[in-house]
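Okay, thanks everyone, I'll keep this short. Have a look at the model on the screen, and I'll walk you through a few spots on it.

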Amino acid sequence: MTTFDPSADDIWADLSGGAAHNPEKGEIRTWAGTVETAVQALEAADTALDTRVDALEAAGTGVIEHLDPVAVATTANITLSGEQTLDTDVTTSASRVLVKDQTDASENGVYVSAAGAWSRATDADTAAEIAQKAVLVEGGATHGGQVWGTYFDAADTLDTDDMAWVKQRDDSGMQDQLDAKADLASPALTGTPTAPTAAFGTDTTQVATTAFVQEATASPSYTVGTLPAAASNARRTVYVSDGEATDATPIVAFSDGEYWRRTSDQSIIWQPAHAFADGAEGIFLDAEADETLWQDDAGTIAFDAGGANDGKIGKIDDLSGNDNHMVGTASYTSKPTYATDGDGYRYILGNGTNSRMATASFDADGDILFSLVAKSGTADGVLAQIQNNTNTSHRLFVLESAADVPARVGFRLDASSYVNSPIDALDKEVVTLKASEQDRTVEIYVNGRFITAFSDNPYTAWMDTGTTLKAIRLFAAASSEYADGRVYGLFVMFGDDALAQADNIVQWQARRYGIAPVASEAGQSRITASGAWTWFNDPRALSVQGIPFIGGVNDRSEFFVKAEGQAQFTLQPEHYAQDDHDNPSFIQLRDGRVRAFWCHHNAAEIYTRVTTNPVRTAADLQTWDAAVNLDSQFGRDFYSYTNPIQLEGLPNAPLFLFSRTRTTNWTLHVAISYDDGDTWTTMDEVLDPGDRPYFRVIKTSPTRLDICCNDGHPNEVTNNSTYHCFYDGAWRASDGTDLGAAPFAQADLTTVYDAVSLSSNSWVWDIAVDATGAPCILFAVFESTTDHRYYFARWDAAAEDWDYVEICEAGGYLYPGETYYSGGIAFDHDDPMTVFAAREISGEWSIWRYHSDFLGYSWEGAQVSRTLEKCFRPVVIRGQVEEPRLAYVVGTYDDYTTFLTTITTQNTTDRA
């Protein structure tokens, strides 16, 4: 081999080592031609090789179709006639047989055995049918469970060209393994089978192991540990039960600064004292704790239930470690009394005349959790309260009664101004008040069940007094309004972590004093103190840059936007009467700003407002440009509902606003903006005026929107059908037929559910598009006004028709005035094969999650909401990736103008 050296003198030497010389141009051209010819030859060879590889790859991937299985395969050359035993143990009888080992390979193939001559199987008797096919061999000692394939080509000639078969896969051992397994249904297990042990307290259909049974049936076993030093107190006594509602009385007391763990899993058994371990301010009183009760107000004479003073209580020690002891008067005749109810639970009883008890003033700030176990008496008065000691008229109270106000739970703002909940009595119940400093709200619960909430102005008036000095009182306000009710226990906690203890203390107090059942709302978060919405304004819950927010209307008729962790922003202050039809809708514009739309129910004005800046943080939802009334541009009146959609893929990125208003009569209208909502066309009819049709609209792509609608209101239309159309630059029926220029009659649209032929009634709820691009619709069908059903419909493009199926029973109506108001059903728009439905079952309203693995043709569901309060009108927050994504309305709902409700979020994957 000659080494190439560009500096050598012999660079142009002959290969034989001849003398160096400078080549002539002709020589160079000759050499170049030789090289070019060689390169062309290499390229041709490479192309041929590629062609061969492609052919091999095609052949290798060509065996993609399977013929019907065969009973057995040959292992050697056979005579193709007569029934016979093959592969050791399979005797043919008109059986399908893979013949693959013939001396004459052109005879190979799939045959059907016979007493006489065999014939090729009818699905493999032509070259096209057998070409590049595979077949499963079901039986035989050698080939049973194997898959064999042939690369026979359709261009080959059957019975002339050789047909080779190769083994594709060997599952021959799989059946033996399967036979060794137990059946899924009613398995008969042998040996000593094991399973995961469920956590203590699990109450599901999970298998119970012997370890679980031992723990569940054995007496609780505990070991002692120590709380942090900050939680220690010379007279702290803490109580423990085994955590079961059925075991509320067996209590173990212990002394200074100790807590308990279960021996089984080392879990700490939660007790109220644990909440104060980090030094949080508050108070914890427990009537069951004899050693915390004293006869005198100085706490020097031990309590004596049967003594001369007849169980009088002068002082109750604070178990929180904060020394906020509850002290009464010096006179024994003015003291409350210790007593036991008919179930054996202990309480402190006010005398209704002068038995006030109070803490000294203490400094506290932040959120407040106030949870009282009590039974109301007959005398007017304050059963319990937190008082602001700068202005003693400012109180957060339980069952205050005076000449100008009935007994209620709520605020007292001054000497004669109250903000009250509907509660007017307690029958040994847990009443809980949760005051959030950040959200400026107070929520009220009874037995863990949400009752109502107050926000903003009442909270501000009560809290913003320029001081943090507080005091807590029992059985009286100050020196008047004495109560004669029972107090079993009291837990008050201040600070940033207070509200996180709510579910723990409510469950503990209920078990402690024999109250059941108690609702648990763990995993749920109320993001509004007061709020509601209807289902004809969307998107009403949206996520932008990972920031979820909702729009609603509250009990003061304020139109608002609320992001979790941010103060509520009022888009428009109180202007109309209370009406849940008024909630705003939102859209994110191309520049990142968010635009809101809203109108009052059948009002002459319709408004928009846009954030001043693109929304990149939740704080950007606190700054908006001024509201603009669009009525002068739209030119209509009696507006209801706002539904914005932008099709940025169409020329000029039109922004549509759909609403129900009237030109000559109420119907679906649309206005269009080509500058992101600054200016608009007039609002024109989409549907002919008729019977007040209701509609739902959804953006299904950057160039398309879909609409579903009804004939009208089911109260007014005997057979209210459901229809569909879409717009992609032209209005079209479901099959793409051009509908021409709007407006149209419903008869021009595609019928989804024909209520006339079915003698039925329907009402639309939601519309979406699935992963295949098929539009899907949710609607209610009414067997009667008390028997609503939820239905799912999907467009079948191949059949050019709508398929629909019942998902579940919905129950009855939300309130008697609107017998076709179902609880509501909504798509998860990121996965339209998942829906969330509000159902009424035996008078209780709850949210259920339903999912289909079969394009909506069958559904399975489970309850997800936990509260016992009425839950309805669910929606999945559009565009939100992280949980919680589900939102719905919770609370007391008398009708669409009278409600005490809030809006709650929780995880879509939760189970009740």
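So, the negative surface patch: D278, D363, D365, E437, D496 and D497 form it. Keep in mind that this is a predicted model. Take D278 from that group. Where does D278 lie? You'll find D278 in the loop that links β14, residues 258–262, to β15, residues 282–286. And is D278 buried or exposed? With a relative accessible area of 73%, D278 is exposed, because anything over 50% counts that way.

There's a nonpolar surface patch as well, made of F854, L855 and Y857, and together these have about 320 Å² of accessible area. Y857 sits in the loop between β57 (844–851) and β58 (860–863). Its relative accessible area is 42%, so we call Y857 partly exposed.

Strand β59, residues 871–876, has six of its six residues buried. Which strand does β59 pair with? That's β60, residues 886–895; the two run antiparallel and share four bridges.

Last stop, G514. That glycine is in the loop between α6 (502–512) and β33 (525–526). G514 comes out at 41% relative accessibility, so it's partly exposed. How far apart are G514 and K428? In sequence, 86 residues; in space, 9.2 Å from C-alpha to C-alpha.

Okay, over to you for questions.

Methods: Residues numbered from 1 in each chain as written. Predicted model: local features only at pLDDT ≥ 70, side-chain atom pairs only at ≥ 80, totals over all residues. Heavy atoms only, no water. Patch = residues over 30% accessible without salt bridge, like charges linked within 9 Å, V, L, I, M, F, W, Y side chains within 5 Å. Areas by Shrake-Rupley, 256 points an atom, 1.4 Å probe, with all protein chains shown as cover. Salt bridge = Lys/Arg side-chain N within 4 Å of Asp/Glu carboxyl O. Lys, Arg positive; Asp, Glu negative; His and termini not counted. Charge placed at Lys NZ, Arg CZ, Asp CG, Glu CD. Buried < 20%, exposed > 50% of the residue type's maximum accessible area, 1.4 Å probe, protein only. Pairing = 2+ DSSP bridges.
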